[in-house]
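Dear colleague,

Please find below the structure that I am handing over to you.

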Amino acid sequence: TDYIYDSEGKKVKRSGGVICALTKSSFDWSDLSSLSQVTRDEWRTVLQLNRSGVVLFDDEERVRRLQTMAAYLNEKVKYISKFFDIYANANAVHELLHESGLFDDVFHKRCQIVLLWLGIVASDANIAFDLKKDLLTAMADYRLPQTLCHLGVIRLTPEGEELLRNEITDR
């Protein structure tokens with residue numbers, strides 16, 4: 001079941017819905033100290049997770065990550081207005097994110113997605129941010145084999161199919 005954020009009757013799915021929920025919240029995104037104090041229940045309310053029928057896969061872990069990242073950024077960055085001054089390139093941001101412990105995955109998918117988002121933010125604000133998009137490979141690691149199987153390019157053993165199915169449902 002895809003996560004769906006309902007904004008005044010307009011429904012936004014998946015990660016776009018999460019981003020929409022966060023941006024439409026009343027949180028002051030420029031105040032990292034305040035963000036680090038947001039409670040689990042406040043995050044759940046903003047994401048509409050208390051509404052009937054709203055499902056976000058692994059919601060407790062995702063809320064925990066939001067809380068942890070807010071506290072981490074408050075400790076490391078202090079003032080969000082200085083973010084791009086301190087972290088002016090993708091390598092510096094990658095180090096910051098990696099040190100948080102929240103971006104540990106073999107393919108660095110989450111980190112690459114954040115880098116892409118930061119690149120968009122910087123571009124929209126005419127802020128210089130050194131990001132070589134052509135070097136990023138962000139893709140859900142289960143999507144490629146799923147697509148290749150669907151197209152008949154590869155065939156998996158029953159055990160391989162089960163592993164792929166578990167990978168898809170365990171994330």
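In this predicted model, the buried residues of helix α4 are Val63, Met69, Ala70, Tyr72, Leu73 and Asn74. The elements that cover these buried residues include α2 (32-35), α3 (40-46) and α6 (90-100). Helix α4 itself comprises 18 residues, 59-76, and spans 25 Å from its first C-alpha to its last, close to the 26 Å expected at 1.5 Å a residue. After α4 comes Lys78, which has a positive phi, near 70 degrees.

Side chains of opposite charge can pair when their charged atoms come close, and a search of the whole structure finds nine salt bridges. In one of them, Glu60 pairs with Arg40, with the closest N and O atoms 3.0 Å apart. Glu60 belongs to helix α4 and Arg40 to helix α3, so this pair ties together parts that are 20 residues apart in sequence. Glu60 is partly exposed, at 36% relative accessibility, and Arg40 is likewise partly exposed, at 35%.

Arg44 counts as buried, at 11% relative accessibility. Its side chain forms a salt bridge with Asp59 (2.8 Å, N to O) and another with Glu60 (3.0 Å, N to O). Arg40, Asp41, Arg44, Asp59 and Glu60 are linked in a network of salt bridges.

Finally, the second largest pocket has a volume of about 260 Å³. Its lining has 15 residues, of which Ala90, Asn91, Leu115, Leu135 and Leu136 are the closest to the centre. Helices α6 and α7 (109-124) each give two or more residues to this lining. By class, seven of the lining residues are nonpolar, six polar and two charged.

Yours sincerely

Key
Residues are numbered from 1 along each chain as its sequence is written. This is a predicted model: local features need pLDDT of at least 70, side-chain atom pairs count only at pLDDT 80 or more; totals for chains, interfaces and linings use all residues. Side-chain values use heavy atoms; hydrogens and water are left out. Helices (H or I, at least four residues) and strands (E, at least two) are DSSP runs, numbered from the N terminus. The expected span of a helix is 1.5 Å times one less than its number of residues. Buried means under 20% relative accessible area, exposed over 50%, partly exposed in between (1.4 Å probe, protein chains only). Contact means heavy atoms within 4.5 Å. On a 1 Å grid over the protein atoms alone, a cavity is a set of points where a 1.4 Å probe fits but cannot get out, and a pocket is an open set with protein on both sides within 12 Å along at least five of seven lines; lining residues have an atom within 4 Å of a point. Grid points are joined across faces, edges and corners, and a volume is the space filled by probe spheres set on the points. Ala, Val, Leu, Ile, Met, Phe, Trp, Tyr, Cys and Pro count as nonpolar, Asp, Glu, Lys and Arg as charged, and the others, Gly among them, as polar. A salt bridge is a side-chain nitrogen of Lys or Arg within 4 Å of a carboxyl oxygen of Asp or Glu.
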